[in-house]
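Keep the viewer open, try each task yourself, and then compare your steps with the solution.

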There are 2 protein chains.
Amino acid sequence: MPNHITLYQHGTLALLVPGLLKGTISMGELLKHGDTGIGTGEGLDGELIILAGKPYHVHATGDITLASDSLTMPFANAHFARYAPLAELENVDEEELNRQIVSLSRASNTFFSIEVKGTFSNIQTRAAAKSTPPYKTLTETAENQSVFTRDQITGTLLGYYSPQVFNGAAVGGFHHHFISDDHQFGGHVLGFHLVKGDVSYQLFDTFEQHLPVSDKDYMQHDFSNDDIQGSIQKSE
Amino acid sequence: MPNHITLYQHGTLALLVPGLLKGTISMGELLKHGDTGIGTGEGLDGELIILAGKPYHVHATGDITLASDSLTMPFANAHFARYAPLAELENVDEEELNRQIVSLSRASNTFFSIEVKGTFSNIQTRAAAKSTPPYKTLTETAENQSVFTRDQITGTLLGYYSPQVFNGAAVGGFHHHFISDDHQFGGHVLGFHLVKGDVSYQLFDTFEQHLPVSDKDYMQHDFSNDDIQGSIQKSE
């Protein structure tokens with residue numbers, strides 16, 4: 001029976017900061033931990049959004065393909081979906097949506113996921129372009145990204161919320177990815193205006209943090225001089 | 001088959017800081033996640049050290065009893081032991097032991113446990129005294145603790161190491177508990193001089209963080225004004 005109360009995470013946001021961008025988990029392995037999730041490919045290769053077991057890969061070109069089981073990632077989240085309705089919201093931007101979700105869910109001290117299915121009058125996303133070794137820092141790599149905007153679009157926003165004390169391991173607060181219903185538009189969400197949407201949520205009591213202990217670059221890196229909090233705020 | 005690569009944690013260090021000291025996991029439940037571990041009882045009731053499935057409870061009186069399955073805890077760690085030899089060390093204090101373990105294990109970017117079986121020329125431990133609701137902050141509660149010192153003693157030091165990015169969730173760096181071979185002396189370790197000891201370690205690739213989502217006090221607490229990093233440094 002799938003476990004619906006655990007959020008699985010491979011890698012940390014912190015390891016992306018100095019540019020530890022090697023793919024250390026395959027999509028095939030990640031999908032054992034959930035049918036729903038987000039992530040990025042090796043070398044910060046685009047943005048991934050997994051819905052109903054299908055891993056959509058939003059490339060820096062804007063194209064969306066289905067990722068193969070052999071795609072590797074330095075960072076990803078996954079869980080088995082069992083969302084419960086939270087609210088139907090109208091005319092809210094990202095900040096207001098996040099605020100209302102925290103207020104309604106009363107779950108800001110644990111991990112949870114949200115799913116918003118609705119119509120957006122405007123949405124802005126980004127997808128980073130894959131870089132190759134030697135990798136640069138997250139801030140430098142993220143400069144090489146495409147930003148996309150679209151008006152009047154229906155789709156699914158998949159988000160994860162992490163308590164602030166886990167900022168660094170994860171993104172403290174919300175982290176949203178999006179894909180349109182026609183699977184032609186998506187990415188890491190930078191901002192939006194939601195005309196009308198059904199918001200559902202799924203609360204976790206367990207955060208299963210998996211670390212790439214077989215990766216020598218990760219294990220030998222000295223994180224003490226990395227500005228993890230600053231870089232996450234800037235890039236996420 | 002027991003899982004030897006996962007460190008289980010219930011609660012966070014952060015929740016102790018404002019005094020969320022209610023027991024939210026029972027010893028019976030904790031022991032399903034490991035035969036080895038550490039923790040504290042409800043209300044910061046002493047110090048727990050679990051070895052070979054036996055949960056020893058060091059009270060503020062200095063007495064040591066076996067905890068029952070019904071004892072509840074606000075914070076605890078557990079794992080299934082399978083240690084590998086790391087080194088035999090002589091004439092080291094706590095700081096030097098920690099430094100050598102990090103250097104030898106090359107594992108400072110993941111969670112691991114250490115076990116030191118040896119003879120100590122001196123060791124200092126503490127055990128907090130149980131407080132009752134309304135609970136005070138960790139710093140205030142920890143003022144009401146007993147400090148014990150002992151010379152020439154053989155025993156087992158059980159420690160956990162957490163990467164610095166998880167400070168707040170766990171104690172960044174080392175967190176050691178101790179119990180003597182005769183089970184008459186123990187507690188949370190404040191300092192020691194090890195005459196000679198066998199150091200073994202066990203590396204984890206997964207940190208399973210369980211949160212007390214059924215506890216309203218925890219879920220409704222506003223952590224934004226708590227000095228989590230400062231209090232952990234002061235108390236641990």
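Two strands pair if DSSP finds at least two bridges between them. Helices (H or I, at least four residues) and strands (E, at least two) are DSSP runs, numbered from the N terminus. The model is predicted: local features need pLDDT of at least 70, side-chain atom pairs count only at pLDDT 80 or more, and totals for chains, interfaces and linings use all residues. Residues are numbered from 1 along each chain as its sequence is written, chains are lettered from A and ligands numbered from 1 in the order in which they are written, and side-chain values use heavy atoms, with hydrogens and water left out.

**Exercise 1. Find how strand 14 of chain A pairs with strand 14 of chain B.**

Step 1. Locate residues 206-210 of chain B, which form its strand 14.
Step 2. Follow the direction of the two strands: they run antiparallel, with 5 bridges between them.
Step 3. Check one position: A:Gln209 lies opposite B:Phe207.

**Exercise 2. Describe the interface of chain A and chain B.**

Step 1. Count the contacts (heavy atoms within 4.5 Å). On chain A 26 residues touch 26 residues of chain B.
Step 2. Take the area. The size of an interface is often given as the accessible area lost when the parts come together. Buried area here is the accessible area (1.4 Å probe) that two parts lose on being put together, summed over both. For chain A and chain B that comes to about 2,200 Å², with 60% from carbon and sulfur atoms. On the chain A side, A:Asn109, A:Val165 and A:Met219 lose the most area to chain B, together 27% of what that side buries.
Step 3. Ask which elements contribute. Strand 14 (206-210) and helix 5 (216-220) of chain A each supply at least two residues to the side that touches chain B. The largest share, 5 residues, comes from strand 14 of chain A.

**Exercise 3. Which strands of chain B pair with its strand 13?**

Step 1. Strand 9 (residues 84-93) of chain B joins strand 13 (residues 186-203) through 8 bridges, antiparallel. Here B:Val92 is opposite B:Leu194.
Step 2. Strand 10 (residues 112-128) of chain B is also antiparallel to strand 13, over 14 bridges. B:Thr119 faces B:Lys196 there.
Step 3. In the hairpin of strands 12 and 13 of chain B, 5 residues lie between the strands, and B:His183 has a positive phi near 60°.

**Exercise 4. Find backbone exceptions in the loops of chain A.**

Step 1. Recall the background: most residues other than glycine have a negative phi, and most peptide bonds are trans.
Step 2. Find the cis peptide bond between A:Pro133 and A:Pro134, with omega about -5°. A:Pro134 sits in the loop between strand 10 and helix 4 (138-143) of chain A.
Step 3. Go to A:Leu44, a non-glycine with a positive phi of about 60°. A:Leu44 belongs to the loop between strand 3 (36-41) and strand 4 (45-51) of chain A.
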